[in-house]
Amino acid sequence: MLILLNEINISAAQFRKLVTLYSIGSTIIVVPAAITADAHQDAWIASLFGVASGIGLVLLFTSLGKMFPTLTLMEMNEKILGKLFGKIVSAVFVLSNLFITSQVLYYVGNFLQGIEVVIAILWFITLFFKLCIYFYATLLGFANVFHIKDYTLFSFPVAFIMITLSLIVYPSVSYQKDWDTKTWIPYSLLVGILYPLFLLIAGFIQNKKRRSSNG
């Protein structure tokens, strides 16, 4: 385990603020229009369903964290899935996180043009926090995958790749809309629900077998 990760602690209030700023970010720009376009007058129902689903995801990840309280997500992958396959899953997860970081940076440059200054400042602040969280998570992910304590070694190369990808991640606005509706939703279901749910079930089975063998 990387000792560095255990030295970083935040309070519940700090975590709540981070989650709030992260949730607003580009979400307030993209989600309302997407929900209205698909659900029309029933958009409020879809919004309530989204809130309920979000609470369910919090409980899912909380349960996973309680099952392995001293491990990071990357370390859980190797413990549950095996060292080789777990490292592959972690690498794919980190690379996809880098891709999402580039998408957020794209939103920073694209959506903050031609709007009121006050709104632009507020959106920039929330997008900045969201970008920082993704960037930091990507650095820690690479550090975990390669078992390097000093994650800052990846700062420059990851930032360079992130900036470069942000310029080409969406070739056009129509491509971006098509991606958000046809690709992002199944990807979110896979990574946000099925992936942690699988880890939780597999981890529960492993712990149960371990207790049975020790007992």
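Student: Which residues does Lys79 touch, not counting residues up to four places away in sequence?
Tutor: Lys79 touches Phe68, Leu71, Gln206 and Arg210. Contact means heavy atoms within 4.5 Å. This is a predicted model, where local features need pLDDT of at least 70, side-chain atom pairs count only at pLDDT 80 or more, and totals for chains, interfaces and linings use all residues. Residues are numbered from 1 along each chain as its sequence is written, and side-chain values use heavy atoms, with hydrogens and water left out.

Student: Where is Lys79 found?
Tutor: Lys79 is in helix α5, residues 73-81. Helices are DSSP runs of H or I with at least four residues, strands are runs of E with at least two, and both are numbered from the N terminus.

Student: What is the relative accessible area of Lys79?
Tutor: 39%, so Lys79 counts as partly exposed. Buried means under 20%, exposed means over 50%, and partly exposed is in between, with a 1.4 Å probe and protein chains only.

Student: And how many residues of α5 are buried?
Tutor: 7 of its 9 residues, so α5 is mostly covered by that definition. The buried ones are Met74, Glu75, Met76, Asn77, Glu78, Ile80 and Leu81. Just after α5, Gly82 takes a positive phi of about 100°.

Student: Back to Gln206. Which helix does Gln206 lie in?
Tutor: Gln206 lies in α10. Gln206 is partly exposed, because its relative accessible area is 23%.

Student: What is Gln206 in contact with, leaving aside neighbours within four places in sequence?
Tutor: Lys79 and Ile80. Gln206 and Ile80 are 126 residues apart in sequence, but their C-alpha atoms are 7.6 Å apart. Lys79 and Leu199 are 120 residues apart along the chain, with 9.9 Å between C-alpha atoms.

Student: New topic. How many helices and strands are there?
Tutor: The protein has 10 helices and 0 strands. Of its 215 residues, 31% are buried. Among contacts with a separation of 6 or more, 72% join residues 24 or more positions apart.

Student: Which residues of α9 are buried?
Tutor: In α9, residues 173-182, they are Gln176, Trp179 and Asp180. Seen down the axis, they fall within an arc of 95°, so they line one face of the helix. The arc is that of the directions from the helix axis to the C-beta atoms. On the other side, Ser174, Lys177 and Lys182 are exposed.

Student: How much space lies in the second largest pocket?
Tutor: About 290 Å³. A pocket is an open set of points on a 1 Å grid over the protein atoms alone, where a 1.4 Å probe fits, with protein on both sides within 12 Å along at least five of seven lines; lining residues have an atom within 4 Å of a point. The volume is the space filled by probe spheres set on the points, which are joined across faces, edges and corners.

Student: What lines the second largest pocket?
Tutor: It has 14 lining residues, and the closest to its centre are Val89, Val92, Leu190, Val191 and Tyr195. α10 gives the most, with 7 residues.

Student: Which elements of the protein have the lowest and highest mean pLDDT?
Tutor: Helix α1, residues 3-6, has the lowest, 44, and helix α8, residues 155-168, the highest, 89. pLDDT is the predictor's confidence in each residue, from 0 to 100. Over residues 1-6 the pLDDT is below 50. The protein averages 78.
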